[in-house]
Amino acid sequence: AYRLDQGVWFYTQDCAATEKTHGDYTVIATWFRVPGGPLALMRIDRVQYDAPRVLDLMQRRYNEHEELFWIEKNGVGLPIIQMARRKGLPVKELEAHKDKVSRAEGVTPMMAEGWFLLPHSAPWLGKLEKEMLSFPNAAHDDQVDAIVYGCQVWQRSRRRSMIRRQRDEELAARPVFDSGVTPARGVAWTT
C-alpha cells in the first residue's frame, strides 16, 4: 500500500478539440507516482469537448492536485498548451517521437514487469481495457496515447533519479585530495 501524500501527482493529456460524437476524444490521465516505486493510473477523463470546456476540465483537475500537465504539442495540443499557460496552468510539452505503435511498444516492458498499476474498479476501466486490448486496431486510441505518455514521463523520471543516484555514489566514492592550495579570499586579479 502506498500513501497518497508521499508521491507525485501529474497529468498527461491527448488533445482533440471537438464536440462531434464521431470525432476523437480528449483524454486527461491522472497519475500517482511513488518515488522509486510504480506508476498508478488514478483516473481517466475521456471527453468530446471544445477547447474552452477542455480548459475548464483541466482547471478542475488542477484544483484537485495542483500538479503539472504533460501535453503533446503536435496538432491540437499546441493551442491547448498556449491557452492553459495563459490561464496559469503548469504545462510541459511532450514531443511525439516515432509512431503510436512504436511508442506503445517502448512502455510495454514496464507494464509487463508490474510497474504500471490500474485500480481494481473504476467507471472508466471497461472502456480503457477494451481500447488497450484492441490497440492499434481500435476505433479510438486516445486513452492509449495518454497512458503511453504517462509511462514515458515515469520512465524519464526514473532514469533521471538513477543517473542522479549513480553520480552521487561516484562522487562519494572518489578520494579526496589535498592540493595544498588555499582559496584566495578578497584577492582581485589585475592585468
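Me: Where in the chain does Asn 74 sit?

Reply: Start by placing a residue among the helices and strands around it. In this predicted model, Asn 74 belongs to the loop that links strand S4 (69-72) to helix H2 (77-86).

Me: Is Asn 74 buried, partly exposed or exposed?

Reply: For that, look at the relative accessible area. Asn 74 has a value of 36%, and because this lies between the cut-offs of 20% and 50%, Asn 74 counts as partly exposed.

Me: How far is Asn 74 from Glu 95, in sequence and in space?

Reply: Here you read two separations side by side. Along the sequence, Asn 74 and Glu 95 are 21 residues apart, while their C-alpha atoms are 7.3 Å apart.

Me: Which elements does the protein have, and in what order do they run?

Reply: Count the elements, then follow them along the chain. The protein has five helices and six strands. Starting at the N terminus, the order is β-β-β-α-β-α-β-α-β-α-α.

Me: What share of the residues is buried, and what share of the contacts joins residues at least 24 apart?

Reply: These are two summaries of the whole protein. Of its 191 residues, 39% are buried. Taking contacts between residues at least 6 apart in sequence, 59% join residues at least 24 apart.

Me: Which residues have the most contacts inside the largest nonpolar core?

Reply: To read a core, find its members and then the elements they come from. The largest nonpolar core holds 26 residues, and those with the most contacts inside it are Trp 31, Leu 39, Leu 41, Met 110, Phe 116, Ile 147 and Cys 151. Two or more residues of this core come from each of strand S2 (26-33), strand S3 (39-47), H3, H4 and H5. H5 gives the most to this core, with eight residues. There is also a second, separate core of 18 residues, with Met 58, Ile 71, Ile 80 and Ala 84 among them.

Me: What does Phe 116 contact?

Reply: When listing partners, leave aside the neighbours within four places in sequence. Phe 116 is then in contact with Trp 31, Leu 39, Leu 41, Met 110, Met 111, Met 132, Ile 147 and Cys 151.

Me: How do I read the largest pocket, and which residues are closest to its centre?

Reply: Go from volume to lining, and then to the classes of residue. The largest pocket has about 250 Å³ of space. It is lined by 14 residues, and Ala 104, Met 111, Met 132, Phe 135 and Val 144 are the closest to its centre. Helix H3 (100-112), helix H4 (125-134) and helix H5 (142-173) each provide at least two lining residues, with H3 giving the most, six residues. By class, the lining has 11 nonpolar, one polar and two charged residues.

Me: And what about the second largest pocket: what is its volume, and what lines it?

Reply: The steps can be repeated here. The second largest pocket has a volume of about 190 Å³. Among its 17 lining residues, Asp 14, Cys 15, Glu 72, Lys 100 and Asp 145 lie nearest its centre. Strand S1 (8-14), S4, H3 and H5 each give two or more residues to this lining. By class, there are six nonpolar, three polar and eight charged residues.

Me: Where is Val 47, and what does Val 47 touch?

Reply: Val 47 is in strand S3 and is buried, because its relative accessible area of 12% is under 20%. Not counting residues up to four places away in sequence, Val 47 touches Tyr 25, Thr 26 and Leu 57. Val 47 and Ala 16 are 31 residues apart in sequence, with 8.9 Å between their C-alpha atoms.

How values were computed. Residues numbered from 1 in each chain as written. Predicted model: local features only at pLDDT ≥ 70, side-chain atom pairs only at ≥ 80, totals over all residues. Heavy atoms only, no water. Helix = DSSP H or I, 4+ residues; strand = E, 2+ residues; numbered from the N terminus. Buried < 20%, exposed > 50% of the residue type's maximum accessible area, 1.4 Å probe, protein only. 1 Å grid on protein atoms, 1.4 Å probe; cavity = no way out; pocket = protein on both sides within 12 Å on 5 of 7 lines; lining within 4 Å. Points joined across faces, edges and corners; volume = space filled by probe spheres on them. Nonpolar A, V, L, I, M, F, W, Y, C, P; charged D, E, K, R; others polar. Core = buried A, V, L, I, M, F, W, Y, C linked by side-chain atoms within 4.5 Å. Contact = heavy atoms within 4.5 Å.
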